[in-house]
Each structure stands twice: as C-alpha cells, then as structure tokens.
Amino acid sequence: MHCLARLFSLPVLQGGTVVNADRQFQADVLIRDGIILRVEPGLQAARPGTRQLDARGKLVMPGGIDPHTHLAMPFMGQVACDDFFSGHAAALAGGTTMHIDFVLPVAHDLLAGWEEWQRKAQAAVMDYGFHMAVTSWSDRVAADMAAVTARGVNSFKFFMAYKGALMVNDEQLLAGLRRCKELGALAQVHAENGDAVAEGQQRVFDAGITGPEGHALSRPAALEGEATARAIRLAEFVGTPLYVVHVMSRDAMEEVGRARQRGVRVVGETVASAISMDESRMWHPDFDVAAQYVMSPPIRSKEHGAALRAALAGGVLQLVGTDHAVFNSSQKAVGRHDFRIIPNGVNGLEERLHVVWQELVNSGQLTPSDFVRVTSTAAAQVYNIYPRKGVVAPGSDADVIIFDPSLDHTITAAAHHSAMDTNIYEGYRVRGKVVTTISRGRVVWHEGKLNVMRGSGRFVPTPTHGPLFQGLDKQPAHLVDVARYGGVPVKRSSSGTHERD
Ligand code: URP
Ligand code: ZN
Ligand code: ZN
Ligand code: ZN
C-alpha cells in the first residue's frame, strides 16, 4: 500500500518553462514527498516509480492561491452550496491549490466559528487557510482574536456593510484595527457604507424596482469609494496595515492608489468577476440569470472593469481573488420578488486562473510572471506563507500546475466541478488551459480527470507579523502625536480670565 502510494509521489515535470513572479526559465521540476526537490534543466527520471509529465511547450507555474472564498457559509438565510469537497474539487480542476476561507463567528463567538469551520474542513482535499470575520466588539472578542491567531489565523475581516447582520460601526472598526495592530494581524475590510446601502435599497424598492437590477442601483460605487477611504484613513490613524477585499469599482481602487502614494500600507484585492463581467447582466429579463450576478459590492459597468484591469497592470491593486460564495438557482430564487434578499455571491474558484489569463495576459496587460504574482505569489507574501507557497523552487510545497497557453476552451456549468447548477461564466471563451494540477506532490488533475481524496486537505497556518508589519515600528505610532507638541499640557491661569488679544 505504502509502496504504491510512493510510486506516484515522485512526479518529474520535464521540458517546461518555469514561470515564477520574478522570472521565467527552462527547467525540469522534481518532486518528492510533497515538496519540490530540484528545479533545474536536464533532470533525469532517475528513480523507479517516477512519474514523468511532459511539459514541453507549456508553462510550469505555482498553483493558484485564492485569498477570498466562502465555502459552506451560512449567509442571508442560505448555506453556500459548495463545501470543502466540491469547492476544492472545482479549485483543483482550475489550477488553484490553496485558498483562504472566511470563518464567520457563531452568534458573535469567534472560537465557536473556528470549531465550526474546522468541522466543515474535514472534507478538504487541498490546502486551506482561514481568515476570521469580526462582527461585533467586546473584551471577549478582543481576547478571542488572540486565541485565533494562536491557532494560525493572521487576518480579520470587518464588514462595513450588511447592516443589522455582519456590519460593524466605526467605533467597533477602530477597536478592531487597534487589536489587529497589537496582534500583528492584517485587518481586512468589506468597504461599503452600510447605512447608505440600506437607505438606497429601501428607496429603490419603494420605487417599484424589485428585481436584481435593484441590487446594482441601490449600492453605487460612490458608497464603496467612501467606505474604502474611511477604512484607509482609520487604519492610518491607528497605524496598522489594511487589506481591502473585493475592490469592485474605480472609486475604491483610486482610494487605494491615493493611499499607497501617501505611503500607507494598504493592499487592494479585486476579484475575477469584477475584471471580466459587467452590471448589465443584472438587467437580464430572466430572473434566474440576472440573480446569478448579484454579489456585494456589485459588479459594476464596463468602465470600472477596465479601470480595475489597468490597476492590476499598474500595481495599484496587488491580487485577484474570487469571493467564491455560491448559491444555486433555488437558493437565489428566494429573492424573486425582492432583490434585497437574494443571497449575495458568485462563483470563480475554478475559473479564476483562466479568467485572469484571458482578460490580462491574452490582452497583453500582464506578463506570465505578473499573472503568477497576482494569482499566487502576492497572496503567499501578504499572508506570510512565502516561499512555502507561491513559487516553484526547491523546498517549496509541491503545489504546481502545467498550463498550455495554446489550448482553447469554453467555460460551462455542464463541465464545471462546483456543486452549482449555473455558472456566471457560461459560454466564456479562453485561450490557455490548466492541463495538470499537482497538490502537495499528488497529481490531482490531469487530462480532464480529477483524482482527489476526501479528507486529504490540510490546514496551513498563517503566522502573524507578516511582511506588511516589517519596519512598521519605525513609523510614527499614531496620527495623534502628543509628543510632537512637547507632550505636556499648556499652562493656563485657573482664574478663568484670559489675556485680551
Ligand atoms: O456577495 C458577496 N460578496 N458574498 C460573500 C460575502 C462577502 O461580502 O464577501
Ligand atoms: Zn513503502
Ligand atoms: Zn465582503
Ligand atoms: Zn467575500
């Protein structure tokens, strides 16, 4: 049994072009026991039991890391229908070998949420990490944040929207940012003005617009820009790095760019849907089609998509996730008469690499190395697991894909691996395809066939005090800089009189 398993734990990828974020070069890749052993030209398949994979004419890249997913998430009265098994199968078929999922507290209890997600993840078939959402504030939450970092979580998401559900107010956000700084953990924000969104939704609904287009109309880009700017300014005030999840608009992207120009440590993540789809889909006459595209913040107009692609090319935004949170047609249908209760979320875990390649590499905006950076390396660096992940190099985990840039294919729900009955990319054509996926040294996707084992996935702890925290102590600790004014109060007479001017 053991010998048989070992027989196939020695893949060697021969004749390909290795593409890392820093360079491309011709090399073979030898894998042993789940780790990349050697990356150099002319490696012979020396050992018996070595599985040779022909990578000639193809690219050998680090497996994708999706920094933003919601598997089996209870949300808006439904539970996202991809769990850690179907979601992972989909991911691997699309060349993504690790993702970081958002743990939601159970009744605001972080540790109960942690337990719940560990239980869900027992079905895992690939590596995964966790972010933790913070949806309320108390001494208990602050203490539990430390307990969660000790368990291998280095990022906390604060929702500035979903009023009455997940949303925190500015006071809570400030406290959370301060706690993140203390813990060396990365603060993340869902940036939309939740109060204004609630008002916008009511106005649109009262005007008689009840369909999915109401979702787009009720939460305009300005509300995303406002919240992004506010979160950045608050993070600046506290002096802690900030990660803006799912940047969907030019408005939000420009705030990220302005802050980076000021020298603020802010990272901007956009998602596959934002750079490839546009809001017109929410006006589709068939509710079932239109509802598929409902996510928050909303998918915007074509102009926003173009601005986001350019921002990735120009380095204003650093990485692309998916926000994979999938609800099938019957789940979306609960909002048939009220767009406000359509469960929010779209697919992308399987499609992300292909969409980014099509939109940005085939258009000439990104090089293959840039592609690796925005789909894998940047996430590994931001979440402090580089070079274990995010690079094809000796000593790194053997999460590797073989990509054929000349293969054409079309994305369809009929052929995907998600548990969804629809796919927002239905009919989307791509030149370039992941032909092989290797997860921790195992060939799990090859020539259109999946070979995964339920329960074989592994939790990858993300350590605190990552690169974004390096040298932070050299910056002024706080915008409220008492010391700058001598640190002592001005002496004034106690009589209550004052000198006339
Ligand atoms: O619509 C979305 N984005 N659903 C998932 C929850 C979130 O806000 O990330
Ligand atoms: Zn053996
Ligand atoms: Zn969000
Ligand atoms: Zn999300």
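This is a predicted model: local features need pLDDT of at least 70, side-chain atom pairs count only at pLDDT 80 or more; totals for chains, interfaces and linings use all residues.
The shell of residues around ligand 1 divides into 2 nonpolar, 5 polar and 1 charged, where Ala, Val, Leu, Ile, Met, Phe, Trp, Tyr, Cys and Pro count as nonpolar, Asp, Glu, Lys and Arg as charged, and the others, Gly among them, as polar. Those residues are His-70, His-190, Met-295, Ser-296, Asp-323, Ala-325, Asn-344 and Gly-345, each counted as near the ligand if its C-beta atom, placed from the backbone, lies within 6 Å of it.

Residues are numbered from 1 along each chain as its sequence is written, and chains are lettered from A and ligands numbered from 1 in the order in which they are written.

Ser-296, one of the residues around ligand 1, is joined to Pro-297 by a cis peptide bond with omega of about -10 degrees. Pro-297 itself is placed in the loop between α11 and α12 (302-313), with helices (H or I, at least four residues) and strands (E, at least two) taken as DSSP runs and numbered from the N terminus. A cis bond also runs from Tyr-386 to Pro-387, with omega near 5 degrees, and Pro-387 lies in the loop between α15 (368-382) and β18 (400-411). For background, most peptide bonds are trans, and most residues other than glycine have a negative phi.

Ala-72, although not a glycine, has a positive phi of about 50 degrees, and its place is the loop between β8 (64-69) and β9 (74-75). Arg-440, also a residue other than glycine, has a positive phi near 50 degrees, and sits in the loop between β19 (428-439) and β20 (442-446).

Is Arg-440 buried or exposed? Arg-440 is buried, because 22 other C-beta atoms lie within 10 Å; the cut-offs are 20 or more such atoms within 10 Å for buried, 12 or fewer for exposed, and partly exposed in between, with C-beta atoms placed from the backbone. Ala-72 counts as buried too, since it has 20 C-beta neighbours inside 10 Å.

Let me turn to Lys-157, where UniProt, in an unreviewed entry, places the feature "modified residue: N6-carboxylysine"; UniProt positions are given in the numbering used here, feature names are shortened, and annotations may be inferred rather than shown by experiment. Lys-157 is in strand β13 (residues 155-159) and is buried, with 22 other C-beta atoms within 10 Å. Leaving aside neighbours within four places in sequence, Lys-157 is in contact with Phe-102, His-131, Ala-133, Gln-188, His-190 and Val-245, a contact being two C-beta atoms, placed from the backbone, within 7 Å. His-190 also belongs to the surroundings of ligand 1.

Finally, Met-282 is placed in the loop between α10 (272-276) and α11 (287-292), and is buried, with 24 other C-beta atoms within 10 Å. Beyond four places in sequence, the contacts of Met-282 include Pro-212, Glu-213, Tyr-293 and Val-294. Between the C-alpha atoms of Met-282 and Ser-493, which are 211 residues apart along the chain, the separation is 66 Å.
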